[in-house]
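Morning, everyone. I'll go through the ligand site in this model, starting with the contacts and ending with the domain record.

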Amino acid sequence: MFEFSADPDLPKPERYRQLSEAASALIEGEPDSVANMANIAALMWEFLPGINWAGFYRMVNGELVLGPFVGRPACIRIPLGHGVCGAAAASGATQLVEDVHSFPGHIACDAASRSELVVPVKRDGRVIAVIDIDSPELARFDQEDAAGVEALAVAIVDSI
Ligand code: SME
């Protein structure tokens with residue numbers, strides 16, 4: 001059994017540091033990428049308050065394909081350049097969306113989602129996946145969240 005508890009009063013940078021540390025501990029020595037992404041999705045769910053979806057889309061033959069996640073069932077394939085995830089994958093840049101209703105082409109998987117953070121996971125400069133986190137709260141994510149998830153992406157890239 002793995003016990004990880006996130007203190008709700010921790011400042012965000014410390015919360016994300018603990019999340020990355022827990023992720024690194026869980027995936028260490030485990031070569032199975034599906035198992036690792038599943039555990040990382042579960043950890044994001046444990047550590048990040050106010051979210052309703054957390055998980056991965058993987059780059060497969062030039063499009064994004066749904067990977068392990070926690071949340072409601074989601075759309076399976078996203079072409080590059082479509083939606084928030086496709087924008088992150090196509091540009092290689094983090095997408096911080098305060099209000100998904102004002103993001104052109106946003107793909108609604110859960111009608112409750114109001115804000116979203118998508119971070120590309122890059123290996124040797126190429127996007128191999130994106131980490132997607134949704135929230136039912138408007139403007140749930142800020143630059144500290146973006147920096148925290150970007151650090152997580154770097155910590156796990158060789159294990160997914
Ligand atoms: N909203 C995303 C689609 C994935 S779901 O949020 C899980 C997008 O616009 O790319």
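Start at V84, where a polar backbone atom is 2.9 Å from an oxygen atom of the ligand. I call that a polar contact, meaning a pair of N or O atoms within 3.5 Å. This is a predicted model, where local features need pLDDT of at least 70, side-chain atom pairs count only at pLDDT 80 or more, and totals for chains, interfaces and linings use all residues. Residues are numbered from 1 along each chain as its sequence is written, and side-chain values use heavy atoms, with hydrogens and water left out.

E116 has a polar side-chain atom 3.0 Å from a nitrogen atom of the ligand, and for H106 the distance from a side-chain N or O atom to a ligand nitrogen is 3.3 Å. On its own the ligand has 300 Å² of accessible area, and the protein covers 100% of that (Shrake-Rupley method, 1.4 Å probe).

Now the shell. The ligand is surrounded by 13 residues, and V84, C85, I107, E116 and D134 are the closest; a residue counts if one of its heavy atoms lies within 4 Å. By type, the shell holds 8 nonpolar, 2 polar and 3 charged residues, with Gly counted as polar and Cys as nonpolar. The top contributor is α3, with 3 residues (helices are DSSP runs of H or I, at least four residues; strands are runs of E, at least two).

Last, the record: an unreviewed UniProt entry lists residues 44-155 as "domain: GAF", an annotation that may be inferred rather than shown by experiment.

Methods: A polar contact is a pair of N or O atoms within 3.5 Å; within protein, one must be able to donate a hydrogen and the other to accept it, and residues adjacent in sequence count only if both atoms are side-chain atoms.
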